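Let's take a walk through this structure together. Keep the sequence and the 3D view open, and turn the view as you read.

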Amino acid sequence: MASVSFKNISKKYSEDVSVIKGVDFTIEDGEFVVFVGPSGCGKSTLLRMVAGLEDITGGEIHIGGELANDVHASQRGIAMVFQSYALYPHMSVRQNMGFALKMAGRPKAEIEERVGKAADILQISHLLDRKPKALSGGQRQRVAIGRAIVRQPKVFLFDEPLSNLDASLRQNMRVELSKLHRELGTTMIYVTHDQVEAMTLADRIVVFNGGVVQQVGSPLELYDRPANLFVAGFLGAPKMNFLQGKLASGSAAITLPGDEHLPAAADVARGTAGRDVTLGIRPEHLRLAEESDAAALQARVTLVEHLGDQMLAYLKVAGIAEDLCMKLPGHAVKLSYGDQVRVAFPPQQCLLFDHAGDAFPRIQ
Amino acid sequence: MSKKTNARNAALLNLLTWALVVLTLLPILWMVLSSLRNYSDVANGNQLDFSEPLQWQNYRDMWINVDFFNFFKNSLIICSISTLFATISATCAAYALARFRFRGSSSVSVGISVTQVIPGMLFFLPLYMLYRNIGESWGMPMLDTYHGLIFLYVALFTPASIWIMRGFFVSIPRELEDAAVIDGCSRFGAFVRIVLPISAPGIIATATFIFLLAWDELFFAWTLTSSSSVQTIPVGIRLFIGQFQQRYDLMMAAATVSTVPVLAAFFACQRFFVKGLSAGAVKG
Amino acid sequence: MRARKFDVFPYLLLLPAVLMMLAVNLTPIVQGLYMSLLKLNQYTLSQYLDAPFIGLENYRRVLLESHSPIRAGLGFAIRNTALYTLVVSVLAIVIGLGVAVLLNRDFRGKGLARTLLLLPWVVPSYVVGTLWGFMWQRDVGIVNTVLVDWLHLLDERPFWLLGSNSFWAIVIPTVWRAWPVMMLIFLAALQAIPEDQYEAATLDGVSKWKQFLHITLPTLKPVIVIQFMFQVIDNVYSYNIVSMMFGNGAGHPGEWADLLMPLLTRQSFSYWLFGQGAAVSFVMMVLMLLFVGIWMASFKRSMISEE
């Protein structure tokens, strides 16, 4: 059993500096969970608390069902892959990978065997006698992962392991990490600020902001039903479009400053008419309006970006401060700067957020 | 700028550079040359008369006139042991200051800086009396002993070295120690197994630095010792300089021999040394 | 690893160094201060700290009475030390900076040149005193031979170790020994300046000299300011070179070459006026602490104002 549960975790550096507030959720055995959020949101700190590198000011952490608060880092059954790999520069790859076992006093034969197996899995057997400075970034990364695998931990911890790699390598490693998880089946906690990594790798995502958990759920859950503005804006690229306005009376719809009326498929029972609301709709859900579309706005194209498989059109709507972004298939329509278009807002795809940023529940 | 002007400028700069090197080294070369000349030549300023053979026996004469082997041995022992202990204590203290935040760390840092502004020599009499009192009251003689001088040297040279080592430690990423802790090391284990091997160049540089400082020390070697069984080279030279009188050739031989050990230490470690001083320097 | 409860480890690491500093640095200072308030001479020395307490009398005698034996030469020593420190520090920095600029380029043997140029610093300071004492000799010294016989820059052979020339006789070897380290430090600092700053300036048509003035110097200013302070601290307490250069290692350096530390120690041993010597030491300490404090404070202020 290698679940990890957080019970009311908080961390303070001093009376007024609180980095983590009231974190409470459980990671199941074998899950790949990603902690995601902007820099300084506390995700790395929480990871380090699981590792035993940071004190826990309040609350409890249980690893594998046992209370882990006061257990030494090396006794918790965890292994960590650092952002900068943290390979010992004066040791060979083999020695790096075997170091923890040597510290634990395991017999040499066992160390050899386990190191060899891990090296096979990661295809670095030919590098075993080299020193870290003779390795490329990607190779060092594998060694760092290999060092973690050798320890056969109950939980793997990854602290932004891919951020030091260049883009194409990052993509390859992402795929490899997914395969690794499938092969080993161990619980993995992965910290990143990159939402693409979060979406692709995670069984479940935990979104952090300002030391507080914003939402926990599967990638698609978070994508389709974000709990608040922050989660909605954080996942998905290009970012979700947001329009400010007031809640219409009597229906689930937003009244924009120019008196336009856009309905949404949301349950606004708890809301009050006339209060501030935000409408959110993802770029891929906006489309050029047909005659039959009632929920639509007049807009002028200010920029068109061609990415080959898709096209991004930036639209200026009168009375709306920020340009909207519309994503269309690559060769769908010919649009250029200055075109006047009508943009449809399909109510099924519109989300409503109240004045505090929390989402109104979606109606399917 | 044309390529030819560039090449000519470069050649000019090279010439200037090497001329500067020669100019800078001239006094040292002069010292060695004068030590190998007949004393009458030296007295007359005729060292450059290359028709005369090199007078290697000046060294033998100097060695015999002055009890040089004794002084040399004392200097070697005292400076080496002082270097060893000063390096150890400086390394430990520097690691504590570099890695830990704890009550009193800033006071210690300030204290270290202050000891640099107020050298031991300023209040030498209390020190002398302290040594004398320890010898008389506690029965452990400190004056005129190896350990007395060694303890003083270690105490004098540790503070400056702490700064140098601290610079090295700060430049080592903390994650390495974190990884070691996760791998099962105690903090001390992480320090010994991971941090120390990585900072070996810095440690060597610091040790060389301390050795140079110790070898250079004249004042306390002079005031705290009285018998030739403990006195170091600088004391020896100073004691016998009157005896040399006009024998500048012997004096230069003594000077050369005094310089050789530190020169050797420097050349052996100069790679680490240069890197070390430069690294610490940019941070001020 | 962050400390959990009370963490004893860093304290243990610091213990040896701190103990030594307390014993060898702090105790003498405190005792020295107390000494300066006592009547300590060859008669009362055996009483040491139990010698008669005379309060600020020592200070009065040293600072105000002009016929105290300690006073003799103190005026000269102060003047010499101040001038010596200033001249040596400035020259060491200027020469060190100049050579660093010269070496800040790629050329064959760069490492070797840098190492060789460091050698004067490696030579022990008492050897420097002895060696240059020989070189400055009027009749057999190489300096006069070069100046008079070879280069014909002078007509007569001057005395270097007597009179006002003796000031330069101690300044020049000190500078010779000091600038290499400055060069090393400045070289490292120079190499930290990104090349593209100079490239941008060249594109803008700025001359090399102006680049030095407006890019190099301002960037180097913090390093220069700190190194100057270190130089001052080093040179104020200069002892070894003076001690070995004059009168076969035991003689009087004369009016122009006597520095504070040689004077102090010499007077203490000759006149046994330990109380007054301690007073002088204490005044020196206060002045140096003031200097460092004011220097660092104004430096920090200038750094902040530049942001």
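**A walk through chains A, B and C**

Let's begin with a pair of strands: strand 11 (residues 241-247) and strand 12 (residues 253-255) of chain A run antiparallel and are joined by two bridges. Here two strands count as paired if DSSP finds at least two bridges between them. Helices (H or I, at least four residues) and strands (E, at least two) are DSSP runs, numbered from the N terminus. One bridge to look for links Leu247(A) with its partner Ile254(A) in strand 12 of chain A.

Before going on, a word on what you're looking at: this is a predicted model, where local features need pLDDT of at least 70 and side-chain atom pairs count only at pLDDT 80 or more, while totals for chains, interfaces and linings use all residues. Residues are numbered from 1 along each chain as its sequence is written, and chains are lettered from A and ligands numbered from 1 in the order in which they are written.

Elsewhere in chain A, strand 1 (residues 4-12) and strand 2 (residues 18-27) run antiparallel, joined by six bridges. Strands 1 and 2 of chain A make a hairpin with five residues between them, and Ser5(A) has Thr26(A) as its bridge partner in strand 2.

The peptide bond from Ala237(A) to Pro238(A) is cis, with omega near 0°, and Pro238(A) sits in the loop between helix 8 (229-234) and strand 11. Glu160(A) has phi near 45°, a positive value in a residue other than glycine.

Next, chain C: how many helices and strands does it have? Chain C has twelve helices and zero strands. Look at helix 3 (residues 74-103) and helix 9 (residues 208-236) of chain C, which pack at about 140° with their axes 9 Å apart. Helix 3 and helix 9 of chain C are therefore oblique to each other (angles under 35 degrees count as roughly parallel, over 145 as roughly antiparallel, 65 to 115 as roughly perpendicular and the rest as oblique).

Finally, see where chains B and C meet: 75 residues of chain B are in contact with 74 residues of chain C, contact meaning that the C-beta atoms, placed from the backbone, lie within 7 Å. Helix 13 (residues 248-282) of chain B gives the most to the side of chain B that touches chain C, with 15 residues.

Note on methods:
Axes fitted to C-alpha atoms, helices over the stretch in contact; angles between N-to-C directions. Contact = placed C-beta atoms within 7 Å.
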